[in-house]
Amino acid sequence: MRKRLKDLYTAVLSDAEYLQELVELGVLIGSHRTALGINQEEFAKMIGVSRRTMTKIENGRQSLSFVVFLRIAAIFEVRPEYLLQELARVTQRKWSRKGED
């Protein structure tokens, strides 16, 4: 059972579409952070991660925990659903065209 879960987890993480979602989420977070005039190092301290981790998140090379996601939403003073809706809006065309290939 553990091996099957590990294989499934590995397969999900290597999925190109999932990785693209991380990149788009990172860009969204970076643009909101920049719009607030907060530099990356300050923002990283505010959410409780290192600057290096923040760079990886914004570049889509690292996923973020739900707790970190909630902290980010709180700093942006938006509900977490808003960030997810923004991500969905950005990726809507990609998902709506899925299956047309």
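E86 is a buried residue in this predicted model, with a relative accessible area of 15%, where buried means under 20% relative accessible area, exposed means over 50%, and partly exposed is anything in between, all taken with a 1.4 Å probe on protein chains only. Its side chain meets that of R89 in a salt bridge, 2.9 Å from N to O, and by a salt bridge I mean a side-chain nitrogen of Lys or Arg within 4 Å of a carboxyl oxygen of Asp or Glu. R89, on the other hand, counts as exposed, at 52% relative accessibility. The two residues, R89 and E86, are 3 residues apart in helix α6 (residues 80-96), and so are separated by about one helical turn; helices here are DSSP runs of H or I, at least four residues, numbered from the N terminus.

A word on how to read these values. Residues are numbered from 1 along each chain as its sequence is written, and side-chain values use heavy atoms, with hydrogens and water left out. Because this is a predicted model, local features need pLDDT of at least 70 and side-chain atom pairs count only at pLDDT 80 or more, while totals for chains, interfaces and linings use all residues.

How many salt bridges does the structure hold? There are 3, and another of them joins the side chains of E58 and R33, at 2.6 Å from N to O. This pair links distant parts of the chain, with E58 in helix α4 (residues 51-58) and R33 in helix α2 (residues 16-35), 25 residues apart, and both E58 and R33 are buried.

That leaves R79 and E81, whose side chains meet in a salt bridge at 2.8 Å, N to O. R79 is exposed, with a relative accessible area of 58%, whereas E81 is partly exposed, at 37%.
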